[in-house]
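Please read the points in order, with the model open beside you.

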Amino acid sequence: MSIKALKGFKDILPDEVILWQFIEKTTRDIFHRYGFEEIKVPILEKTDLFVRTIGESTDIVEKEMYTFVDRNGSSITMRPEGTASVIRAYIENGLYVRGSVQRLYTIGPMFRHERPQKGRLRQFHQMSVEVLGSNSARIDTEVMAMAWQILQEIGLQASLEINSLGCPECRPAFKEAMQGFLQGRIGHLCDDCQRRSTTNPLRVLDCKSEHCQAQYVTAPSIIEHLCGACRRHFEEVKQTLDLLGVPYAVNAKMVRGLDYYTRTTFELITTELGAQGAIGAGGRYDGLVRQLGGPEVPGIGFAMGMERLVMLLGQKKDGLATRSVLDLFLVTLGEEAYAKGFVLLQMLRSLGLRVMMDHEGRSLKNQMKQADKQNAGFTVILGENELANREVLLKDMHSGAQQLVELTPVFEDWAALIATKIRQQ
Ligand code: ATP
Ligand code: MG
């Protein structure tokens with residue numbers, strides 16, 4: 001019996017990869033325009049890193065982590081998200097000495113043992129950023145404006161929801177209010193929420209059960225419990241979002257699935273992917289670096305889920321999903337033409353063109369078919385006659401137009417001539 005991929009793990013085939021590349025290229029370019037630098041961190045980390053940062057009574061840590069004991073008996077986890085690893089690397093490598101504010105991004109796979117559904121996988125990919133070293137509300141706005149710009153340039157629509165989760169100063173009062181509220185309804189809540197009503201009452205707001213959510217409609221609002229400093233911070237976030245013309249809505253029930261957030265949190269939501277509507281999310285985590293043994297450095301970050309972006313884009317832009325275009329297919333007939341063609345092929349590639357030829361000695365008709373299949377923009381036919389007459393036929397495969405191109409004695413000149421003609425189109 002043939003071996004299949006694991007459940008929730010997906011092959012990304014060439015036709016779809018075109019969308020991935022487009023999204024990644026656009027996003028990287030925007031990250032660079034906003035002054036971000038790339039960092040690459042390992043996929044495996046000590047389990048403790050995630051338990052201590054994401055929080056013990058979160059969905060990720062309680063149910064979703066790929067954790068195993070390695071050959072040395074250490075508990076290892078395949079990263080479920082990027083922030084914890086980037087912060088660990090930031091501290092371990094002393095990146096804070098490079099400058100007061102660091103802007104880092106990373107792109108790669110994440111692993112969560114969830115129930116696979118459309119837009120929800122066990123291996124998925126995130127593009128994520130972290131800004132370390134500033135607690136300014138304007139940084140929050142800049143980061144959200146950047147996320148917004150990414151969606152605009154990719155050509156997708158979503159709404160931005162924001163909230164503030166306060167700080168260690170104002171959180172206890174809200175926690176108490178929540179506990180009081182939950183006590184009166186404890187019998188109506190799911191098992192998870194019942195447990196969390198004492199261990200981590202904020203978390204209940206993140207529950208996926210509609211029944212629980214119906215109970216929380218009248219829950220206390222965290223925004224009404226913010227201390228003066230957090231309130232001012234949130235006001236400034238809203239004012240500067242207005243200043244930049246980034247549309248948003250305040251959602252006081254959004255708590256996010258990780259414990260490390262403080263103050264600003266946000267989500268980018270679409271209605272076009274059913275229940276998997278969150279395409280990106282993030283927030284501020286002012287205590288996290290300190291908590292992991294680093295200096296007192298505030299931070300903020302967000303992650304976008306690539307699979308969901310690809311799905312949205314795939315629904316919209318069929319044109320992008322066509323196979324990549326080959327600039328030229330080089331058709332050769334006969335031994336001598338094949339040998340010359342092979343050299344020419346390499347020269348054209350060195351000049352930056354995407355070129356292929358046939359190595360199997362196929363017929364003219366067959367080679368033309370291949371050119372068609374590869375969606376080649378042009379073909380050149382090089383055979384004995386062409387070598388004798390010192391000219392070849394360059395055919396534009398889309399318009400059908402043909403032109404004779406002189407086969408100059410110096411091969412490099414000839415390659416350059418063909419390249420120029422193709423680029424002129
Ligand atoms: P959700 O509410 O959908 O479970 P989340 O709050 O767990 O999302 P985050 O941890 O904030 O998600 O991750 C940021 C983004 O990564 C999400 O907005 C989503 O686009 C993507 N993402 C998260 N989990 C998955 C998954 N299992 N499969 C595909 N994409 C995912
Ligand atoms: Mg989740």
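1. **Contacts.** A contact means heavy atoms within 4.5 Å. Take the contacts in the protein with a separation of 6 or more: residues 24 or more positions apart account for 70% of them.

2. **Ground rules.** This is a predicted model, where local features need pLDDT of at least 70, side-chain atom pairs count only at pLDDT 80 or more, and totals for chains, interfaces and linings use all residues. Residues are numbered from 1 along each chain as its sequence is written, chains are lettered from A and ligands numbered from 1 in the order in which they are written, and side-chain values use heavy atoms, with hydrogens and water left out.

3. **Elements and overall form.** The protein has 15 helices and 16 strands. Helices (H or I, at least four residues) and strands (E, at least two) are DSSP runs, numbered from the N terminus. The radius of gyration is 28 Å, well over the 22 Å that the globule rule gives for 425 residues, so the protein is more spread out than a compact globule. That radius is taken over C-alpha atoms, and the globule rule is 2.2 Å times the number of residues to the power 0.38. The C-alpha trace spans about 95 × 55 × 45 Å along its principal axes.

4. **Burial and surface.** Buried means under 20% relative accessible area, exposed over 50%, and partly exposed in between (1.4 Å probe, protein chains only). Of the 425 residues, 51% are buried. The accessible surface comes to about 20,800 Å², and 51% of it belongs to carbon and sulfur atoms. Accessible areas come from the Shrake-Rupley method with a 1.4 Å probe; for residues, only the protein chains shown count as cover.

5. **The open sheet.** What is the order of the 8 strands in the open sheet? It is β1-β5-β6-β11-β10-β9-β7-β8, with mixed pairing. Two strands pair if DSSP finds at least two bridges between them. The edge strands, β1 (37–38) and β8 (249–250), each pair on one side only.

6. **β5 with β6.** Strand β5 (residues 102–111) pairs with strand β6 (residues 123–132) in the antiparallel sense, over 10 bridges. Look for Ile107, which stands opposite Met127 in β6.

7. **Strand β9.** Why is β9 (residues 262–269) described as largely enclosed by the rest of the structure? Because 7 of its 8 residues are buried. On one pairing, 6 bridges join β9 to β7 (residues 159–164), and the two run antiparallel. There, Glu161 stands opposite Glu267 in β9. Another 6 bridges join β9 to β10 (residues 278–284), again antiparallel. Here Ile269 stands opposite Ala278 in β10.

8. **Two arginines with positive phi.** Arg263 is not a glycine, yet its phi is positive, about 50°. Arg263 lies in strand β9 and counts as buried, at 14% relative accessibility. Arg390 also has a positive phi, near 55°. Arg390 sits in the loop between α14 (384–389) and β15 (391–396). At 42% relative accessibility, Arg390 counts as partly exposed.

9. **Gly245.** Is Gly245 buried or exposed? Gly245 is exposed, with a relative accessible area of 58%. Find it in the loop between α9 (228–244) and β8. Gly245 and Leu417 are 172 residues apart in sequence, and 49 Å apart in space, C-alpha to C-alpha.
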